[in-house]
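I set out to look up segments, cores and charged pairs in this model. My entries follow.

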Amino acid sequence: MHPVSHQHPITYTHDATACEECDLLVPATTLAVGEASACPRCGHTLSQHLPQQERRPLAYGFAALIMFGLSNAFTFMSFSSHGVGQEMTFLQCITTLVAQGYLFLGAVLSLTLIGLPLVYVGSIMLVLWRLDKEMHSNALRSLGRLLCRIKPWLMVDVFLIGVLISLVKLMGMADIKMGLSFWAFVGYTLLLIKMISSLDRMWLWQRLFGPTEARELDPEAGAMESGLVGCHICGALSDADADTCSRCGDRLHQRKPGGLNRTWALLITSVILYVPANLYPIMDTVFLGDDSPSTILGGVILLWGMGSYPIAAIIFIASVVVPLVKILALLWLCYMVQRGQGDSPLRKLKLYRMTEFVGRWSMIDVFVVAILAGLIRLDNLMTIYPGPAAVAFAGVVLITMVAAMSFDSRLIWDLQQGERERE
């Protein structure tokens, strides 16, 4: 199948689709440049007609790759205390962890900061570059599915906040200078964010493979009760008995198979890991031979005592409150769905959206530990090592993110539909 060619249309009509958060059927909608389509029941954004979607992501991606190269070419940060100094490159945040035996943390940083972002940028640029050229349809589908799946795992913006927090932590004990690579990394982060926000998923699939078959829909019905299923990757509607999406090739399920049980299992695992993540030291500081281990809460108390109240509050919220609240919120949602409590579905959905949005930001403390361990390696004066809690805490963050992805928010609306039918 060859890509469908359009020459910078003033309007764009997205296909009829099913909302991926509440399963409501939404008819095809025509959008002018700058307009967005949202689900009338839950408010979830379905599609946007963004300006110059064929050119802007390419420009941002090319510039982001240049900035990424520069962020590895010079000094990232430098640290000096009592006449002794140390410089750090961006890659040393990862190589130091690996050298000290923290292979899991090194792999997490490698994937979330380098591997997945570069794959994402490269895939978008390749797909857009080949829009009007011949490219195997299966390759296009594979790249498109890959883009949708790795997007939540891009954490360069979270890492940048971690760098700023590390800077505040160190300002009281040493001279800190930001190198040229730090400013290049800032540019890389901003360009990557702009690239992501300049491309609409549903527009891309229609641009690649054209619109799907027109259907007569009941706009007040859900896809499942109408004998249809919506694809979570490209938004196309298919008959309920279809195994794979005819447009993107992804497997279709009216509801995520085993989603609730999988979410329960992941949440129980995260609760188990949350205990050592808060009891054990997240980093050890060795100063003139004196070992001072620090827990997450201990670091918050230290920052508060230094007068860094905003940073202490950010660490406390991101590393203590957010993981706990996210676990409790998902446990409550699973419990309510399992009990069949279908009241206030929109309130439950908003809570679920909150857990999805804030989950990745808890990685700030893990990134702070990686930065400090990579920068402060003055063997005769001061050295910082990651603690065992860093691995447990990274596990909590990643597992709760997977748990939120495993939970099927459409189950919340199924309960309301069931209550309505019983009445």
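The UniProt record, an unreviewed entry, places "transmembrane region" at residues 58-79, 99-129, 150-168, 180-197, 264-283, 311-337, 358-378 and 384-407. UniProt positions are given in the numbering used here, feature names are shortened, and annotations may be inferred rather than shown by experiment. I looked at two of these segments. Residues 58-79 are 64% helix and 14% strand, with the end C-alpha atoms 37 Å apart. Residues 150-168 are 74% helix and 0% strand, and their end C-alpha atoms lie 31 Å apart. Helices (H or I, at least four residues) and strands (E, at least two) are DSSP runs numbered from the N terminus.

I noted the ground rules next. This is a predicted model, in which local features need pLDDT of at least 70 and side-chain atom pairs count only at pLDDT 80 or more, while totals for chains, interfaces and linings use all residues. Residues are numbered from 1 along each chain as its sequence is written, and side-chain values use heavy atoms, with hydrogens and water left out.

Then confidence. pLDDT is the predictor's confidence in each residue, from 0 to 100. The chain has a mean pLDDT of 84, and 91% of its residues reach 70 or more. Over residues 1-7 pLDDT stays under 50; the model has 21 contacts for them beyond four places in sequence. Contact means heavy atoms within 4.5 Å.

I turned to the cores. A nonpolar core is a set of buried Ala, Val, Leu, Ile, Met, Phe, Trp, Tyr and Cys residues joined through side-chain atoms within 4.5 Å. Buried is under 20% relative accessible area, exposed over 50%, partly exposed in between (1.4 Å probe, protein chains only). The largest core has 100 residues, and Phe76 and Phe159 have the most contacts inside it. Helix H3 (residues 103-129) gives the most to this core, 12 residues. A second, separate core holds 24 residues, including Cys22, Cys42, Phe407 and Trp413. What does phenylalanine 159 contact, leaving aside neighbours within four places in sequence? I found Phe76, Phe90, Cys93, Leu113, Phe185, Phe367 and Ile371.

Salt bridges came next: a side-chain nitrogen of Lys or Arg within 4 Å of a carboxyl oxygen of Asp or Glu. The structure holds nine. Glutamate 54 and arginine 207 form one, at 2.7 Å, N to O. The pair links distant parts of the chain, 153 residues apart: glutamate 54 is in the loop between strand E6 (45-48) and helix H1 (56-71), arginine 207 in helix H7 (residues 201-209). Both glutamate 54 and arginine 207 are buried.

I checked aspartate 250 with arginine 149; the closest N and O atoms of this salt bridge are 2.4 Å apart. Aspartate 250 sits in the loop between strand E11 (237-239) and helix H8 (259-279), arginine 149 in helix H4 (residues 137-150), 101 residues apart. Aspartate 250 counts as buried because its relative accessible area is 11%. Arginine 149, at 43%, is partly exposed. Salt bridges that share partners join Asp23, Arg255 and Asp414 into one network.

Last, I followed arginine 145, found in helix H4. Why is arginine 145 classed as buried? Its relative accessible area is 19%. Not counting residues up to four places away in sequence, arginine 145 touches Trp205, Ile233, Cys248, Gly249 and Asp250. A polar atom of the arginine 145 side chain lies 2.5 Å from the backbone oxygen of cysteine 248.

Conventions: Polar contact = N/O pair within 3.5 Å; in protein donor to acceptor, adjacent residues only side chain to side chain.
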